[in-house]
Amino acid sequence: MAEENQFFRPVRDFCQRQVMTCSAGDSLVPAVAVMRERNISSMVVLGGDMPEGIFTDRDLRNKVVAPGRSPVELTVGDVMHSPLATIGEDDMLYEALYRMSRLKIHRLVVVDEQGALAGIITDTDILRLQAHSPHQLVLDIEKAASVEDLRALHIRIQNLVLHLSGTGVPIRDMVKLIAHLNDQVLIRLIALLRAERHAGLTDDFAFVVMGSEGRGEQTLTTDQDNAIIYADDLPAADVARLEAFSHDLIGALISIGVPACKGGIMARNPEWRRSLSGWKTELNRWLTTPKPENVMTGSMFMDLRALYGRDDLVRSLREHAFTMLSTDQGFLMRMAQNMTNFRPPLGWFGKIKLEKNGPHRGKLDIKKAGIFAITDGVKALAMEARRLEGSTHDRIEMLVETQVMNPQDARNLIASFDFLVATRLRGQVDALRAGAEPSNYVALESLNTMQQGELRLALEQVARFQDFIKHHFRLHLLRN
């Protein structure tokens with residue numbers, strides 16, 4: 001197996017199964033003695049059969065030795081770290097890497113489907129893999145000392161995707177990896193800018209990403225869709241500093257190689273940089289006046305995810321939207337109607353209709369043909385359910401759990417979505433290898449006979465999903 005593909009294997013294949021445990025009520029000194037005898041640096045703290053914390057040698061140094069506390073008077077619970085950072089044993093290894101990096105920790109407790117202790121995985125376990133890997137890329141991003149370093153790393157991300165393409169990595173994992181790496185670049189960029197130019201910047205804001213980036217579904221042609229939400233009581237001087245920071249940040253992103261949004265949906269523009277109450281007012285306008293441009297903008301905005309800063313601002317804004325939508329479904333109905341307008345380009349006998357004119361003559365816009373209808377239709381159902389977390393995959397699984405969709409229809413929709421996204425990514429990879437600009441367009445002749453058949457089946461599934469959406473939201477009641 002290629003060394004990069006190791007990171008798409010489940011954590012269960014790498015974690016240590018033999019884990020020393022203790023209870024929160026155990027005396028600290030005997031627990032430390034066990035750690036010394038076993039030559040280990042941590043113990044998992046169990047509450048019954050469930051892990052509830054972890055005790056490490058670092059906790060001993062920082063919470064006992066440094067403040068001069070007497071260890072004989074302490075229990076493990078007095079110094080353990082809780083809440084516990086965990087990862088599922090079926091999650092991919094790169095997700096463990098990303099979580100350790102994001103939380104700035106060296107180990108994760110591995111749990112099974114019931115949340116019971118299954119093992120532990122450390123950054124040392126991951127470092128045993130060869131250096132040329134996504135893990136090394138993440139480490140290099142964390143060590144980046146300049147915007148120029150990040151520009152080079154952005155190119156390396158593209159090269160990694162080119163290398164992994166066609167190696168059998170599932171498309172769901174591929175797009176999550178792209179999103180994770182892009183997140184890391186942006187987070188490091190913010191840290192660099194704050195240290196070098198904006199040391200006095202307030203912490204009372206959230207930098208949010210939206211659209212495909214908000215869902216963690218990026219491919220190789222994603223541009224910027226971002227905004228800033230700041231606290232209502234922020235002084236004018238801090239608001240001004242945020243404005244200056246937003247201009248530097250977006251400019252640096254463009255210089256790294258992340259294209260500007262053609263529609264101007266970027267935090268440096270005043271309409272995408274507002275206070276919490278200002279955003280609530282703007283949401284009110286979108287949701288109560290569901291004309292086409294408000295529906296498109298509001299739909300994209302509802303994918304918002306806090307990439308940096310105060311997540312509570314995002315939660316407050318989303319709850320505000322949910323409350324409004326629960327009293328008036330007009331916006332959701334118009335949003336559903338809009339996705340049904342993007343009918344799959346299927347003609348008689350299942351023939352796929354292609355662009356007739358322009359620079360993309362003879363090609364298919366795979367996003368308009370099916371991807372958009374799936375992501376927005378699923379999003380409308382998730383908004384109605386007040387459960388917008390995660391990717392389109394996550395949302396479909398939630399809709400099955402809440403019995404909005406039946407399991408077979410959900411499996412068919414996921415398969416169709418994955419095929420369409422994989423086809424788009426393959427087309428983008430081919431374009432880059434040919435020295436062309438990646439886009440959402442795919443040449444039908446680039447697909448073999450079997451792939452063309454799968455494409456027709458996927459588009460037919462999109463049409464069935466649109467019919468489901470029409471019925472679910474009773475779109476026959478709408479007046480044009």
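User: How does α17 pass α18, in a left-handed or a right-handed crossing?

Analyst: In this predicted model, α17 passes α18 in a left-handed crossing. The term applies if the near helix is turned anticlockwise from the far one by less than a right angle.

User: Why are α17 and α18 called oblique to each other?

Analyst: Helix α17 (residues 407-433) and helix α18 (residues 449-472) pack at an angle of about 130°. Roughly perpendicular covers 65 to 115 degrees, roughly antiparallel begins over 145, and roughly parallel is under 35; the rest count as oblique. The two helices are therefore oblique to each other. Their axes are 9 Å apart.

User: Which residues make the contact between α17 and α18?

Analyst: From α17 they include Asp-409, Leu-413, Phe-419 and Arg-426. From α18 they include Glu-454, Leu-455, Val-462 and Phe-465. By class, the contact has 9 nonpolar, 4 polar and 3 charged residues.

User: What makes the largest cavity count as a cavity, and what is its volume?

Analyst: A cavity is a set of points where a 1.4 Å probe fits but cannot get out. The largest cavity has a volume of about 40 Å³, and the structure holds 1 cavity of 30 Å³ or more.

User: Which residues line the largest cavity, and which element gives the most?

Analyst: The lining is formed by Tyr-94, Leu-97, Tyr-98, Val-138, Leu-177, His-180, Leu-181 and Gln-184. Helix α8 gives the most, with 4 residues. The elements that give two or more are α4 (93-103) and α8 (171-196).

User: How many residues of each class are in that lining?

Analyst: The lining of the largest cavity has 6 nonpolar, 2 polar and no charged residues.

Notes
Residues numbered from 1 in each chain as written. Predicted model: local features only at pLDDT ≥ 70, side-chain atom pairs only at ≥ 80, totals over all residues. Heavy atoms only, no water. Axes fitted to C-alpha atoms, helices over the stretch in contact; angles between N-to-C directions. Contact = heavy atoms within 4.5 Å. Nonpolar A, V, L, I, M, F, W, Y, C, P; charged D, E, K, R; others polar. 1 Å grid on protein atoms, 1.4 Å probe; cavity = no way out; pocket = protein on both sides within 12 Å on 5 of 7 lines; lining within 4 Å. Points joined across faces, edges and corners; volume = space filled by probe spheres on them.
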